[in-house]
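Trainee: I would like to learn how to read a sheet, its turns and its core. Please take me through a case.

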Amino acid sequence: SSMELVYIENTLSLTYKGGDSCSVGSRITEIDFICDRFAIDNYFGEPSFVSESSHCHYLFEWPTALACPPTTLTCTAGGGKYDLQPLLATRNWHISSSDGREYVI
């Protein structure tokens, strides 16, 4: 399997190719990360299922503040130490399509 990350027209798109076999080859999953500075869940947002093509191509959209271009901020710290470890936390995202199918990203 392979993974490709591209940035085109303000959209960060992650594509996984070479997934499980299907009727026309192997499955492809595409996740489009869309800038949303007010996304839910502490700006991480959450993915949603968009569509599945007859060619085993699955499309998800994920509005998140993490896909937004950086903003310029003036920030000062009082010489303390800050634990940024929570930014590394990962979790599995469970998405349901309108027809009741479940996906895990």
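Mentor: Start with a hairpin: E6 and E7 form one, with 4 residues between them. Cys56 sits in the turn and has a positive phi of about 60°. Strands here (E, at least two residues) and helices (H or I, at least four) are DSSP runs, numbered from the N terminus. The model is predicted: local features need pLDDT of at least 70, side-chain atom pairs count only at pLDDT 80 or more, and totals for chains, interfaces and linings use all residues. Residues are numbered from 1 along each chain as its sequence is written, and side-chain values use heavy atoms, leaving out hydrogens and water.

Trainee: Why remark on the phi of Cys56?

Mentor: Most residues other than glycine have a negative phi. Cys56 is not a glycine, yet its phi is positive. The loop that holds Cys56 runs between strand E6 (48–52) and strand E7 (57–64).

Trainee: Is Cys56 buried or exposed?

Mentor: Cys56 counts as buried because its relative accessibility is 6%. Buried means under 20% relative accessible area, exposed over 50%, and partly exposed in between, with a 1.4 Å probe and protein chains only.

Trainee: What is the strand order of the open sheet?

Mentor: Pairing comes before order: two strands pair if DSSP finds at least two bridges between them. Here 5 strands form an open sheet in the order E1-E2-E5-E7-E6, with mixed pairing. Strand E1 (2–8) and E6 are the edge strands, each pairing on one side only. On average, neighbouring strands of this sheet are turned by 20° against each other, direction ignored. Such angles lie between N-to-C directions, from 0 to 180 degrees, with axes fitted to C-alpha atoms (for helices, over the stretch in contact).

Trainee: Which strands run antiparallel, and which pair in the parallel sense?

Mentor: E1 and strand E2 (residues 11–17) run antiparallel, joined by 7 bridges. Leu5 stands opposite Leu14 in E2. E6 and E7 are also antiparallel, over 4 bridges; there, Ser48 has Glu61 in E7 as its bridge partner. Strand E5 (residues 28–35) pairs with E7 in the parallel sense over 8 bridges. Phe33 stands opposite Trp62 in E7.

Trainee: Which residues make up the largest nonpolar core?

Mentor: A nonpolar core is a set of buried Ala, Val, Leu, Ile, Met, Phe, Trp, Tyr and Cys residues joined through side-chain atoms within 4.5 Å. The largest one has 10 residues: Leu14, Ile31, Phe33, Phe49, Tyr58, Phe60, Trp62, Ala67, Ile95 and Tyr103. E7 gives the most, with 3 residues.
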